[in-house]
Amino acid sequence: MNSGPRATGTSIRDRADLLARIMITPAVLYIAVMIGFPFILAILYSLSDATTGDPTLHIIGLQNFRDILADPVFRTSLKNTFVFALVSQTLVIVLSRILATALMADFRGKWLVRFLVMLPWTAPISLGTIGWLWMFDSIFSPIDWILRKIGLLGAPGALLGPMQNLYWLGEPFLAMASVVTVHVWRLLPLATVIQLAGLSSIPRDLLEAAEVDGATALRKTLEITIPLTMPIISIAFLFGLIFTFTDMTVVYVLTRGGPIHMTQVLSTWTFFKGIEGGDLAQGAAVSLFMFPVLAGIAILVLRVARRTEVV
Amino acid sequence: MARVELENISKLFGATTAVNEVNLQTIEGEFLVLLGPSGCGKTTLLRMIAGIETPSSGDIVIDGEKVTHLPPRTRNIAMVFQSYALYPHMTVFKNIAFPLRTRGVDRTAIREKVEQAAGMFGIGSLLERKPRELSGGERQRVALARAIVREPSVFLLDEPLSNLDAILRASAREELRLFQRRLGVTTVYVTHDQVEAMGLGDRIVVMNKGRVHQVGTPPEIYQWPADTFVATFVGSPPMNLIEQGDVLAGFRPETFLPAGPATENEGFVTYPFQVTWLEYLGAERLVYGDIGEKCCARHVVSRLPGNISIPIEPGKTYPFAVAKKAIRHFDRASGRLIDTGKT
Ligand SMILES: Nc1ncnc2c1ncn2[C@@H]1O[C@H](COP(=O)(O)OP(=O)(O)OP(=O)(O)O)[C@@H](O)[C@H]1O
Ligand SMILES: [Mg+2]
């Protein structure tokens, strides 16, 4: 034989393409079994008249979609899903930016503050929400107590009215505000950490160059820091949107969609309709409305991620 | 045009003293070079002049006005960073325009000035590109254009040529000097490359460990180094230093040449030179070896220009001579120059 490369003995480690395919197989299997299959099932159910009592697939066409579109609770849920996600994530981005900027500065006990900021992220969402249930309690709410103490509530002529409590979860607007508050509390840590990473990725000499070039603090923020961290801010925003858009725990624990369906969202309505109400078919139809939005966000995330690669 | 005065400036970072009681005055329109080894505090000094860093003690005075605690934007200073610090999300045009926009210059004037500055550095055709689409040399020009477009009163440069390759560096050095002459802006230039310092500077400030060792013109620094640090830091190869009791005698390698009939007189000292190693560099030869007694042999270098073609071989001993007036004497304990009277 000649002294060329040996045909035998090329181990699998040398076959980059094959190795890549083997490594990606679990992910593909996972997506197919845990996501693809339920997704197709949801589509089939939404076209059928299945119930929890009789889950056989009997296709009846688009009747379920006509029914839920005519249902005012569904329309409230759809609107609320967007309102909660957009309002809470806008607040999260603004607040996390402020927090991250503060945490970039050097001060004593910085690690403790960072730790405290991260804390909500470590608690299970349901437990955290149960904690908030007490904060918004109709009688024992500490928020109301503070408001009473500083004279904004409970006295004749007080700014927020003479009654003793605000009934956070009983008034439609306050109930909406409560849900948004918990979402903000929940996602602020993640967004802050992402923003911190963004801020510390800006080379220091860029900001110094801007200073020497005569920029004020405001101009530095608007023309250097924000444009340079925009991709990472968008990622934080889009991830937050997905989290809040798909979340059902907060509304389920806090208000159960009440008062009178005023805080219902797609995920809770799917559950109440499909599981508790037993109408699997309509539940599936409701849940499918989340799909185009989530797909859209996912595409945006991928685009932003690709754009940041280039810079 | 402006005069920068540093009065007893120090800067401490925790326990390290980056800059130690520096006193310095610039002369209007001059090209002043800060030269020193890595970590000696050059950048820190420059940053304090720019206002990015505040001195721990001492004062900075620009044009008679104390600016020690004023922010950079009140100083009308331009700085070119070692990394160039171009804004990556802005086009070349916007980069150069940035210092003008912060000063509220109107749009037509901005366009005019940016195009003029870009034309000066031959980057007029790159105005719509982003920094990442530029070569190292082009980036450096953009940084320079951004610096001069505001017509600064002082121009600070932190090793702006260190990212360029050797050929580009030589031409950039020449361009930089010509353009500084033309504008006549007081310039402070930081480098650790002594060739660059000698070639560019009207005056050179030699620093080490946060302190200024000598301020002078390139010939002064080269011929009359104030102490042994300057003597050995400036010049390549460095000045030869040999022990003579309490004194160190120093002479430049190019003054240490083969003895001959012309050197047999009062004005010269002759040494037996045991050659150990020889380097042929084309235009010159570097001869390494020892002189003096076995007990206290001293290692020295001779630099022979191409026109001295006598054969020299390692392992042999040759008589080499140095002119007495080329010899400098330093105090052995303090390292300070003892000789006075410059010739
Ligand atoms: N922000 C800082 N914090 C702590 N120490 C610093 C800081 N900046 C500089 N130093 C220290 O101060 C000293 C001087 O640093 P400086 O950057 O001025 O050196 P330099 O002369 O510019 O060196 P080089 O030629 O390598 O750029 C160094 O010992 C450095 O470690
Ligand atoms: Mg430096």
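In this predicted model, a backbone N or O atom of B:Gly39 lies 2.7 Å from an oxygen atom of ligand 1, which falls under the definition of a polar contact as a pair of N or O atoms within 3.5 Å (within protein, one must be able to donate a hydrogen and the other to accept it, and residues adjacent in sequence count only if both atoms are side-chain atoms). A backbone N or O atom of B:Cys40 lies 3.2 Å from an oxygen atom of ligand 1, and a polar side-chain atom of B:Thr44 lies 2.5 Å from an oxygen atom of this ligand. Taken alone, ligand 1 exposes 640 Å², and the protein buries 62% of that, where accessible areas come from the Shrake-Rupley method with a 1.4 Å probe and, for residues, only the protein chains shown count as cover.

The residues that surround ligand 1 include B:Phe13, B:Ala18, B:Lys42, B:Glu159 and B:His192; a residue is near a molecule or strand if one of its heavy atoms lies within 4 Å of it. This shell divides into three nonpolar, six polar and two charged residues, and helix 1 (residues 42-50) of chain B gives the most to the shell, with three residues. Helices here are DSSP runs of H or I with at least four residues, and strands are runs of E with at least two, numbered from the N terminus.

Elsewhere in chain B, five strands form an open sheet in the order 13-17-14-15-16, with antiparallel pairing; two strands pair if DSSP finds at least two bridges between them. Strand 13 (256-258) and strand 16 (298-305) of chain B stand at the edges, each with a single partner strand, so one side of each is left without a neighbour in the sheet. The twist averages 50 degrees from one strand to the next, with axes fitted as lines to C-alpha atoms (for helices over the stretch in contact) and angles running from 0 to 180 degrees between N-to-C directions. Within this sheet, strand 14 (residues 268-280) and strand 17 (residues 317-323) of chain B pair in the antiparallel sense over seven bridges, and B:Val269 stands opposite B:Val322 in strand 17.

Three strands of chain B form an open antiparallel sheet in the order 11-12-18.

Residues are numbered from 1 along each chain as its sequence is written, while chains are lettered from A and ligands numbered from 1 in the order in which they are written. Local features need pLDDT of at least 70 and side-chain atom pairs count only at pLDDT 80 or more, whereas totals for chains, interfaces and linings use all residues, and side-chain values use heavy atoms, with hydrogens and water left out.

Terms used
Nonpolar A, V, L, I, M, F, W, Y, C, P; charged D, E, K, R; others polar.
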